[in-house]
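This report describes a protein chain for a reader who has its sequence and structure at hand. It moves from one part of the fold to the next.

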Amino acid sequence: MAAFNVASPTYSPSSLRIVSKLSPSRNASTFSFKSLSNPPLLFPSTSLKQRSPLKYRRCSLVVSALKKLSETELVAVSSESDGSLPSDSGVYAVYDGSGDLQFIGITRNLAASVLSHKNSVPELCCSVKVGVVEDPDKTALTEAWKSWMQEHISATGKVPPGNEPGNSTWVKKAPRKKSDLRLTPGRHVQLTVPFEDLIDRLVKENKVVAFIKGSRSAPLCGFSQRVVAILESQGIDYESVDVLDEEYNYGLREMLKKYSNWPTFPQIFVNGELVGGCDILTSMYEKGELASLFK
């Protein structure tokens with residue numbers, strides 16, 4: 001199964017100090033970061049909300065089992081998958097060529113995320129430290145991230161540049177949701193051009209087109225869901241077409257199989273050329289090859 005980046009929280013600019021407060025109404029510790037010149041800012045991502053004792057204990061064990069950032073080995077990053085990085089979930093810290101920490105993130109696939117960064121910003125991603133989080137959920141990953149982030153802030157007094165608010169170098173935001181495209185005005189309307197010409201025009205006039213089962217907001221098969229998740233996790237601007245829409249795309253499935261000479265769905269086209277289906281896109285994602293594909 002493909003692994004997707006979990007967007008890491010961001011912190012306010014430097015000149016910050018960590019303050020621990022106890023909220024009497026919620027009986028929960030909350031970390032706030034105070035600026036010397038601005039009012040205190042509270043970050044929900046760093047709030048230790050009330051949890052069941054068992055879940056809180058498990059998260060504490062995750063953090064205690066994780067090596068400190070300063071004690072974790074620094075590994076050089078290659079532009080190709082060489083097996084030096086694990087494909088597990090965890091936390092990672094990226095360093096530039098001068099050894100300066102640029103970004104701390106969490107992910108469901110450490111190797112895929114680091115390789116994606118290496119291909120998109122090679123000058124900023126020269127080496128990395130990784131910490132595997134066993135049997136993780138999002139809460140456990142966030143606790144691990146906070147542990148490394150707080151250690152770095154305590155040591156340097158500032159957050160990494162990539163974790164500052166507004167920095168989109170490391171975490172790409174998905175574009176605004178689009179509507180799925182329709183190839184015809186309706187199945188009972190007589191077409192004035194051959195259906196195959198409509199497909200050809202569509203894939204050549206749009207940079208990225210994904211023919212999927214269902215809509216992008218509600219995919220109707222696991223493979224289509226995975227393709228949508230990968231494209232949106234990478235912030236790709238793409239068009240989607242529902243091959244199951246029998247009202248506006250009637251006959252599309254059979255015609256597209258002939259057009260592309262590809263028997264299954266989903267199908268992804270880039271610059272008018274068929275890239276492949278879910279397996280190929282997933283493989284490219286895990287190898288960090290998508291940045292060059294969608295340039």
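Y259 is partly exposed, with a relative accessible area of 21%. Burial requires a value under 20%, so Y259 does not count as buried. The model discussed here is predicted.

F269, by contrast, is buried, and its relative accessible area is 2%. F211 is buried as well, as is F269. Y259 and F269 form a tilted aromatic pair, with 6.2 Å from centre to centre and 45° between the planes. This pair links distant parts of the chain: Y259 belongs to helix 6 (residues 252-260) and F269 to strand 11, and the two are 10 residues apart.

## Aromatic pairs and charges over rings

A pair of aromatic rings is described by the distance of the centres and the angle of the planes. How many aromatic pairs does the structure hold? The number is 4. Elsewhere, one aromatic cluster is made up of Y92, F103 and W170.

The charged end of R182 sits over the ring of Y248, at 3.8 Å from its centre. Over the face of Y238 lies R216, 4.0 Å from the ring centre.

An open sheet is formed by 4 strands in the order 10-9-11-12, and the pairing is mixed. Strand 10 (239-242) and strand 12 (273-276) stand at the edges. Each of these edge strands has a single partner strand, so one side of each is left without a neighbour in the sheet. On average, neighbouring strands of this sheet are turned by 25° against each other, direction ignored.

In which sense do strand 9 and strand 11 pair? Their pairing is antiparallel and runs over 4 bridges. Within strand 11, the residue that stands opposite F211 is Q267.

## Helix 4 across the sheet

Helix 4 (residues 195-205) lies across strand 9, strand 10 and strand 11, and it runs at about 135° to strand 9. Its buried residues are F195, L198, I199, L202 and V203. They cover an arc of only 120° around the axis, which puts them on the same side of helix 4. An α-helix has 3.6 residues a turn, so residues three or four places apart point the same way.

K204 and E205, on the other side of helix 4, are exposed. What covers the buried residues of this helix includes strand 9, strand 10, helix 6 and strand 11.

## Strands 6 and 7

Strand 7 (residues 101-107) is mostly covered, as 7 of its 7 residues are buried. Strand 6 (residues 90-95) pairs with strand 7 in the antiparallel sense, over 6 bridges. I104 in strand 7 is the bridge partner of A93.

The C-alpha atoms of E143 and V91 are separated by 9.7 Å, while the two residues are 52 residues apart along the chain.

S116 is found in helix 2 (residues 110-120). Its relative accessible area is 13%, and S116 is buried. Leaving aside residues up to four places away in sequence, S116 touches Q234 and G288.

## The protein as a whole

The secondary structure comes to 8 helices and 12 strands. Of the 295 residues in the protein, 44% are buried. Among contacts between residues at least 6 apart in sequence, 66% join residues at least 24 apart.

Definitions and conventions:
Residues are numbered from 1 along each chain as its sequence is written. This is a predicted model: local features need pLDDT of at least 70, side-chain atom pairs count only at pLDDT 80 or more; totals for chains, interfaces and linings use all residues. Side-chain values use heavy atoms; hydrogens and water are left out. Rings of Phe, Tyr and Trp (its six-membered ring) pair if their centres lie within 6.5 Å; planes under 30 degrees apart count as stacked, over 60 as edge-to-face and the rest as tilted. Buried means under 20% relative accessible area, exposed over 50%, partly exposed in between (1.4 Å probe, protein chains only). A charge sits over a ring if NZ of Lys or CZ of Arg is within 6 Å of the ring centre and within 35 degrees of the ring normal. Two strands pair if DSSP finds at least two bridges between them. Axes are lines fitted to C-alpha atoms, for helices over the stretch in contact, and angles run from 0 to 180 degrees between N-to-C directions. Contact means heavy atoms within 4.5 Å. The arc is that of the directions from the helix axis to the C-beta atoms.
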